[in-house]
Amino acid sequence: MQIIACVKRVPTTDAAVSVTPDGKGLVTDGLPYMISFYDEIALEQAVQTKEALGGEVTVLSLGPASGSKEIRECLAKGGDKAVVLTDDEWMTRDARATAKALVAEIEAQGADVVFMGKVATDRDNASVGPMVATYLGWACVTDVVALELGEGGGTAKVETEAGLETLEFSLPAVITTGKGLNEPRYAGLKGIMAAKKKPLEEKTPELEANQAMVASLAPPPPRKEGRLVSDVNELIDALRNEAQVL
Amino acid sequence: MDFGLTEELTLIRDTARDFAEGELMPRATRHDREAKIDPAVFDMLAELGMWGLTVPEEYGGAELGNLALAIVLEEINRACAATGVTVSVHNSLVCSPLVKYGTDEQKKRWLPKLASGEILGCYSLSEAGSGSDAAALKATATRDGDGWVLDGTKLWVTTAEQAGLVIVYMRTNAEVPKAKGITAFLVPTDSPGFKVGKKEIKTGLRGSSTCELIFEGVRVGDDAVLGEVDRGFPIALETLDGGRIGIGAQAIGIGQACLEASVRYAKEREQFGKTIGHFQAIQWKLADMSSRLEAARLKVREAAWLRDQGQPCGRQAAEAKFLASTTANFCADECLQIHGGAGYTDDFHVERLFRDARITEIYEGATDIQRLVIARHLLR
């Protein structure tokens with residue numbers, strides 16, 4: 001089975017981010033990066049699928065040429081080869097342009113199933129997965145928290161507003177992964193050493209111009225300082241009359 | 001000159017850090033209180049390949065060097081020093097000398113099991129009457145037909161309770177100067193006549209087992225001799241050069257944990273209407289801890305790098321351990337002082353760090369012995 005795991009390099013979730021003076025981007029100097037949390041789950045699912053059904057896992061990422069540490073880590077965790085579509089503007093590339101670039105490479109590589117996180121933890125769009133499936137004309141199952149996959153298709157439990165739904169789908173398909181689907185493994189030392197010898201190819205993609213533009217970015221307003229109340233009556237009074245939540 | 005870590009070493013550090021924060025930090029207090037490392041941790045370390053870190057690939061290891069080992073040990077010890085010393089001893093005092101001095105047969109027999117974590121190793125040199133004066137050891141190996149019979153009692157053996165293999169140093173010749181009549185033997189711990197004696201109750205590193213080993217007529221063949229007969233003492237000392245880098249890295253890990261706990265507390269704890277980090281008395285402590293730690297960390301990494309280059313590193317390893325261990329104790333002391341009475345109770349892990357740090361100035365060559373080694377290099 002040909003399996004592709006799409007991953008995005010994002011600022012670490014505990015990074016202190018600040019907005020650039022023009023108010024349209026993030027200051028990236030010295031920013032620490034990681035593979036997006038849900039993409040780690042996608043990679044783990046890709047590797048588990050290979051372990052169960054055989055085949056090969058290709059790690060695919062639109063990102064900077066200098067981001068190879070995070071991609072090597074994916075190879076150390078079980079990816080067989082990696083393709084990085086180099087784009088120094090990857091952080092601000094919109095979902096549509098990102099999806100188009102990924103689709104061109106997925107079509108060139110050929111795949112039975114594509115895994116990616118349900119959402120990237122930086123911009124929180126949750127758009128690339130469904131767009132990739134649409135442009136490919138494949139089935140798309142989003143926010144998958146349990147999965148059984150066979151040669152021709154599979155069954156997935158997905159999170160919806162109404163609760164858990166069970167869906168059947170046929171391959172090829174794009175599956176976006178949710179929390180709880182699996183527990184991503186650590187990269188072992190042998191995996192790290194083996195990753196050095198695995199192919200990591202950098203390609204220059206054809207990139208379409210962004211259609212979504214960032215008008216402005218602003219940090220969330222600082223939280224107001226808390227206040228200690230002396231008793232329950234004062235608390236109820238404050239909740240009723242100041243916060244007006246009771 | 002580049003002080004940054006390579007991409008590979010960064011990945012290795014991140015992996016060790018993720019594992020240490022995710023699996024060891026939540027268990028470290030329990031390891032200490034129950035005087036036992038959670039057996040699941042040994043399995044996880046095996047899965048990560050930590051038991052075969054320095055073992056060549058052909059024997060199932062990751063074939064990494066001392067610098068990678070030092071970086072991994074710093075991360076593990078930052079979370080749990082009992083686990084840290086177990087990994088350090090297994091790699092630097094057991095696997096390393098086997099790789100360096102073992103015959104092909106010995107390597108084939110032991111390294112795959114050690115690298116996979118199927119068995120753990122321990123190193124046994126000290127006795128009741130021979131600590132810093134290690135060559136004064138009295139336990140004997142006596143020639144008997146085509147083999148040897150081992151007798152005597154050894155002390156302070158780390159991981160003795162769990163080990164499947166011990167590298168033990170025995171007197172094989174009493175007629176020559178004391179350092180020239182010692183031989184290293186590879187002894188399986190299921191050998192008849194071998195038993196693990198008293199388990200020590202220690203100030204720190206309580207999760208790691210430290211025991212007496214008793215040899216009563218333990219028979220081994222010539223194939224158990226590591227290196228040459230009567231030439232074991234140089235192996236013991238050369239092995240300790242690597243061990244000292246490991247303990248140096250352990251000390252940096254403990255010191256780093258002290259610094260981080262101190263910074264956290266300085267930002268939280270309020271006195272006289274402000275957080276105590278506003279006071280110069282606390283700021284200077286933090287600055288001293290950070291500067292000394294950074295310097296010692298660089299020294300440990302330099303010694304590890306030299307050893308990886310195959311260059312002599314006896315003085316640098318001694319300096320690394322001396323600086324790192326004294327720094328760890330300095331940091332532990334200041335950290336406890338910053339925490340005040342709270343740090344003296346078991347409500348905080350600071351008291352464990354304080355107890356764990358102390359041994360780094362004692363084992364694998366006390367601070368006083370490191371000074372002696374350094375001075376001998378300078379005066380020769």
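Buried means under 20% relative accessible area, exposed over 50% and partly exposed in between, with a 1.4 Å probe and protein chains only. The views below show a predicted model, in which local features need pLDDT of at least 70, side-chain atom pairs count only at pLDDT 80 or more, and totals for chains, interfaces and linings use all residues. Residues are numbered from 1 along each chain as its sequence is written, chains are lettered from A and ligands numbered from 1 in the order in which they are written, and side-chain values use heavy atoms, with hydrogens and water left out.

**View 1. Strand β10 of chain A is mostly covered.** Helices (H or I, at least four residues) and strands (E, at least two) are DSSP runs, numbered from the N terminus. Five of the five residues of β10(A) are buried. A:A173, A:I175 and A:T177 point one way from the strand, whereas A:V174 and A:T176 point the other way. In a regular strand the side chains alternate between the two faces of the sheet.

**View 2. β10(A) pairs in the parallel sense with β6(A) and with β7(A).** Two strands pair if DSSP finds at least two bridges between them. Strand β6 (residues 113-117) of chain A and β10 (residues 173-177) are joined over five bridges, and A:V114 stands opposite A:V174. Strand β7 (residues 139-149) of chain A is joined to β10(A) by four bridges; here A:V141 has A:I175 as its bridge partner.

View 3. Axes are lines fitted to C-alpha atoms, for helices over the stretch in contact, and angles run from 0 to 180 degrees between N-to-C directions.

**View 4. Helices α4 and α5 of chain B pack with their axes 10 Å apart.** Helix α4 (residues 81-101) and helix α5 (residues 104-116) meet at an angle of about 155°, which means that α4(B) is roughly antiparallel to α5(B) (angles over 145 degrees). The contact (heavy atoms within 4.5 Å) includes B:H90, B:V94 and B:L98 of α4(B) and B:W110 and B:L114 of α5(B). Its residues divide into eight nonpolar, two polar and one charged.

**View 5. Helices α1 and α2 of chain B pack with their axes 12 Å apart.** Helix α1 (residues 7-34) and helix α2 (residues 39-48) are at about 170° and are therefore roughly antiparallel to each other. Among the residues in contact are B:F19, B:E23 and B:R27 of α1(B) and B:M44 and B:L48 of α2(B). By class, this contact has six nonpolar, two polar and two charged residues. Ala, Val, Leu, Ile, Met, Phe, Trp, Tyr, Cys and Pro count as nonpolar, Asp, Glu, Lys and Arg as charged, and the others, Gly among them, as polar.

**View 6. B:E238 lies in helix α6 (residues 232-268) of chain B.** B:E238 counts as buried because its relative accessibility is 18%. Leaving aside neighbours within four places in sequence, B:E238 is in contact with B:K100, B:Y101 and B:R307. B:G310 is 72 residues from B:E238 in sequence and 12 Å from it in space, C-alpha to C-alpha.

Methods
Parallel < 35°, antiparallel > 145°, perpendicular 65-115°, else oblique.
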